[in-house]
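Please look through the structure shown here, and then follow the questions and answers below, which take up its sheets and helices in turn.

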Amino acid sequence: MKKIVALVLAVAMLMCVFTGCGAKGRTLDEVKSSGELIIATSPDFPPFEELDGQDVVGIEIDIMNLVCEKLGVELVIETMDFDSVLLGIQAGKYDVGVSGITVTESRRKNMLFTDSYCLAAQSIVVTEGSEIAAKADLEGKKISVQSGTTAEAFAMENGYSFDAYVANSDAQAALVSGKVDAWVIDNLTAIEMVDAYNSEHDDKLVILDEAMTTEPYSFAFAFGSEDLVDAVSEILNGLVEDGTIEALFEKYDAPYISPDAE
């Protein structure tokens, strides 16, 4: 029954995305009046967001706590899979999409974005001893990606053979089990997940030196939230300029690439 209800809700949300359904995001005044900023996130993307017991933690959660502090509101976290994050934002169900979201032209047609706060690369992960040593070696091979991500879009647009999975852990498992030849994932998440896997297994995973793509990360909002986006962007720019965001990356032992490096 839960699966049926979830499917009905997903279909209804998707219809709202394409038909509008009168949905729009909240304004800055509406958020301040409510006293809450509601974010949607998929907590399977360390170090940006992950579960620590019942709590969601990570770089982006720390950033959003600072944003809420400056706006004078409380942070409310709703967890779901990545596809539902994007659909929920488009439908105006949540205020902010917070899931290592890349800004793309196709996504700009359906939602608003803050200024970027960092650059990230999509890494290629293979098993130790793989004949794949560079991006060019993926020709004729199959890769795994998380569904709804820019890794999936890049694979589709560039003619790669791929399997898409709801969770990054499943995409990793597909590589380990031999269902695919490589796994494409955000570089920082790749580092954390590969290190965790290698610490517990004799068969190792390897991150290639050459990245698949480089892309800006931002936060997503529904149309109608323009003044809220402007306010959050102003806060983000200040946190970038004063070194706060770089310090958060250091807190999680993650290398930081400034959006100015693009």
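The model is a predicted one.

Q: At roughly what angle do the axes of α3 and α10 cross?
A: Two packed helices are described by the angle between their axes and the distance between the axes. Here α3 passes α10 in a right-handed crossing, and the angle between the axes of α3 and α10 is roughly 145 degrees.

Q: Why is one side of β2 and of β4 left without a neighbour in the sheet?
A: The open sheet is formed by three strands in the order β2-β3-β4, with antiparallel pairing. Because β2 (44-45) and β4 (55-57) stand at the edges, one side of each has no neighbour in the sheet, and each has a single partner strand.

Q: Which residue in β4 is the bridge partner of Glu50?
A: Strand β3, residues 49-52, pairs with β4 in the antiparallel sense over three bridges. In β4, the partner of Glu50 is Val57.

Q: Which helix does the chain cross through from β9 to β10?
A: Strands β9 (residues 142-146) and β10 (residues 161-165) pair in the parallel sense over five bridges, and the bridge partner of Ile143 in β10 is Phe162. The β-α-β crossover from β9 to β10 is right-handed, and the chain makes it through residues 150-157, helix α6.

Key. Residues numbered from 1 in each chain as written. Predicted model: local features only at pLDDT ≥ 70, side-chain atom pairs only at ≥ 80, totals over all residues. Heavy atoms only, no water. Pairing = 2+ DSSP bridges. Helix = DSSP H or I, 4+ residues; strand = E, 2+ residues; numbered from the N terminus. Right-handed = clockwise from strand over helix to strand, strands pointing away. Axes fitted to C-alpha atoms, helices over the stretch in contact; angles between N-to-C directions. Left-handed = near helix turned anticlockwise from the far one by under 90°.
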